[in-house]
Amino acid sequence: MPPPGVPLERQGFLTLGTYDGADPAPGHEYLLREIVLGEELGFDSVWLRHRHFQSGISSPIAILAAASQRTSRIEFGTAVTPLGWENPLRYAEDLGTVDVLSGGRMNPGLSVGPPIHWDDVKAGLYPDTAEVEDLSYTRVSRLLAMLRGEPASSFSGVDGIESFSDFVQPQSPGLADRVWYGGGSRRSVRWAGEQGLAMLTSNVIQSEGHDLGDDASRVFADIQREQIELFRSVHPLGTAARVSQGLVVIPTDSATADQRSRYAAYVEHRTPRTAVAHGPRQMLFARDLVGSSEEIAEALYANPAFREVREVVWALPFTFEHDDYVQILTDMATKLGPALGWSPR
Amino acid sequence: MPAPGVPLEKLGFLTIGTFDGDDPRPGHESLLQEIVLAEELGFDSVWLRHRHLQHGVSSPVTVLAAASQRTSRIEFGTAVTPLGWENPLRYAEDLGTLDVLSGGRMNPGLSVGPPGHFDDVKGSLYPDTADAEDFTYTRVERLLHLLRGEPASSFSGTEGIEVFSDHVQPHSPGLADRVWFGAASDRSAIWAGGQGLNLLTSSVVRVGEGEEPDFAAIQSGTIRTYRQALPDGAPGRVSQGLVVIPTDTATDEQRARYAAYVEGRTPRTSSPQGPGRLLFARDILGTSEEIAEALYAHAAFREVSEVVFALPFGFAHSDYVQILTDMATRLGPALGWSAGA
């Protein structure tokens, strides 16, 4: 589901928001224009990656607050915010405010664990507290409690001329039910399912001992399908639990010859890493799908994990130009989506 | 400066952005409309208070990011963000992004010290780290270091398909020079001056033991102390943030409500309050002519060339429209100020 004939219900896109570190304004402006274009094309949602110390978006809440003023319908998300960098109480205030500003369009996507390059960044990030920060799932539970308006203070009432609440302000109804977790292992998807969160599954997954054989792409898809099934088997909503798949997909229907060759070179460069598991956690990468929308749709219908989901968040490839993203987004919404039975909003 | 005849250079306003906890959207929308109105009226800047667990803006970064898309000229600030609630590295990312989105219009205003009601909130804010958090001036120095783009990671370079910098991204040049510090005592004013920060003075000062509780004298003394501590070449901007309510175009009903508000707050202005010995300035209510006269007689006002008038709390959007309009069209001109284009 969806096999051919069952319409894809939701189509979103995910982007890094690349910019020039020496002149960051143009990249930020292009990103906002891509979000506006996404709305005009009928996309259901736009999701931002959340990076630190990189020339990609480090403050999705600020970008999405700005985007809330240029759009009126498209939903927002992060995929994903590594919560190890955030204080859950403060982040709940930011998320609540973005949700209020956007009229309830925010979908926080989260992950946990120590920040990447932890030994390199911990002195800058947590100079006094690195050794005692709790970077486990507890950090998500803290955020969920704050988003649900559970008590955050033992004081409420009037102090002088000021009134205090005992829970985070502003509260945005429904926001706590729109929290997603980026799971890539059996343990994490089981935890997310048990918590009743929605699930983001991406183009990176832990192989957890699976034999890759000579068709790593097929093994990736099988593992992803198993994780989706596990998530739903423990989720209170069962098969109705929301899962979104985020593969890198590059439709070329209206691309120029130059664009096609650049996209092909990009995919070719990234393909070798998809054949083997990487690092101590045996990370597997999915192949980027490049081709006509018809070819991509055929590949997706042959993908057992895709057939488990009703919504997708296509990941844009990194490091291309604004004009390239305009072409890719336009083809996704006008060619690929319809080939999957999706209708623009 | 400014004495009568010396034009006031900058006119801004400060607001808390009140909202209804059960329906927060209208309050946020009114706030954005007030910011747009202020730009149209020619105000130089809008500043947000930064509150937590209250029905006031808790995320100025996102509200101002939204405002950046409805305005093109008016400057933004916070007055003040209590930095004890922020992680300086993450906050530097938020501020840098906001400054990029707004075309370099952000002015972060800061204070330090443990968060208010710390014993009540520390279990939620810092459940594992409350006892190890550093709430001193060091927290501001961390933020300044990061805003200046100084190294904050021991790794930079390419890893796989990802490129890493060793300093906070995005870096917005000039932002670090637009940091303000909210100082209410000579000690903090000396520190802020020594750091080359700009100075926000508000409607609250700290009265020293045995010191005469004369608000204007204490505040003007703090400003002079700050200026003496400034290093050569620092911009050393100082703004004053009194609560000021011009009534020129107010209805009788508005005047009566404003008068009741000021009357309710006046008793606390006569003597230092609480163990911190905080002294509050009187709210200044009246026609723009009356307010201008009171300001020219105020020793601290005569020390500054820019003001950020604080809006009173708890009034309706239509009241703020009247107050902002009178500030820009009557009070400002009475102080020699000219609206920005």
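This is a predicted model: local features need pLDDT of at least 70, side-chain atom pairs count only at pLDDT 80 or more; totals for chains, interfaces and linings use all residues.
Which residue follows H6(B), and is its phi positive or negative? The residue that follows H6(B) is Gly196(B), and its phi is positive, near 75°.

**Helix H6 of chain B**
- Helix H6 of chain B spans residues 186-195, and its buried residues are Ser188(B), Ala189(B), Ala192(B) and Gly193(B).
- Seen down the axis of H6(B), these buried residues fall within an arc of 135°, so they line one face of the helix.
- The cover over the buried residues of H6(B) includes strand E9 (180-182), strand E10 (198-201) and helix H7 (215-229), which belong to chain B.

**The sheet of chain B**
- Chain B holds an open sheet of 10 strands with parallel pairing, in the order E4-E6-E9-E10-E12-E16-E1-E2-E3-E5.
- At its edges are strand E4 (81-82) and strand E5 (106-107) of chain B, each of which pairs on one side only.
- Within this order E9(B) stands next to E10(B), and the two strands pair in the parallel sense over three bridges.
- Gly182(B) has Leu200(B) as its bridge partner in E10(B).

**The nonpolar core**
- The largest nonpolar core has 189 residues, and those with the most contacts inside it are Met199(A), Phe13(B) and Leu199(B).
- Once neighbours within four places in sequence are left aside, the residues in contact with Leu199(B) include Ala189(B) and Ala192(B), which are also among the buried residues of H6(B).

**Strands E1 and E2 of chain A**
- Strand E2 of chain A (residues 45-48) is covered on both faces, with Ser45(A) and Trp47(A) buried on one side and Val46(A) and Leu48(A) buried on the other.
- Strand E1 of chain A (residues 10-15) runs parallel to E2(A), and four bridges join the two strands.
- In E2(A), Ser45(A) is the bridge partner of Gly12(A).

**Contact between the chains**
- Chain A gives 56 residues to the contact, and chain B gives 53 residues.
- On the side of chain A that touches chain B, the elements giving two or more residues are helix H1 (24-40), helix H2 (60-67), helix H3 (88-101), helix H4 (118-125) and strand E8 (162-164) of chain A.
- H3(A) gives the most to this side, with eight residues.
- The residues on this side of chain A divide into 24 nonpolar, 20 polar and 12 charged.

**Leu278 of chain B**
- Leu278(B) lies in strand E14 (residues 278-280) of chain B, and this residue is partly exposed, with 16 other C-beta atoms within 10 Å.
- Leaving aside neighbours within four places in sequence, Leu278(B) is in contact with Val204(B), Arg206(B), Pro272(B) and Gln273(B).
- Leu278(B) and Thr15(B) are separated by 263 residues in sequence and by 21 Å in space, C-alpha to C-alpha.

**Annotated spans**
- For chain A, UniProt lists the feature "domain: Luciferase-like" (unreviewed entry) at residues 21-267, a span that is 39% helix and 15% strand, with its end C-alpha atoms 25 Å apart.
- For chain B, UniProt places the feature "domain: Luciferase-like" (unreviewed entry) at residues 24-264, a span that is 40% helix and 15% strand, with its end C-alpha atoms 27 Å apart.

Note on methods. Residues are numbered from 1 along each chain as its sequence is written. Chains are lettered from A and ligands numbered from 1 in the order in which they are written. Two residues are in contact if their C-beta atoms, placed from the backbone, lie within 7 Å. Ala, Val, Leu, Ile, Met, Phe, Trp, Tyr, Cys and Pro count as nonpolar, Asp, Glu, Lys and Arg as charged, and the others, Gly among them, as polar. A residue is buried if 20 or more other C-beta atoms lie within 10 Å of its own, exposed if 12 or fewer, and partly exposed in between; C-beta atoms are placed from the backbone. The arc is that of the directions from the helix axis to the C-beta atoms. UniProt positions are given in the numbering used here, feature names are shortened, and annotations may be inferred rather than shown by experiment. Two strands pair if DSSP finds at least two bridges between them. A nonpolar core is a set of buried Ala, Val, Leu, Ile, Met, Phe, Trp, Tyr and Cys residues joined through C-beta atoms within 7 Å.
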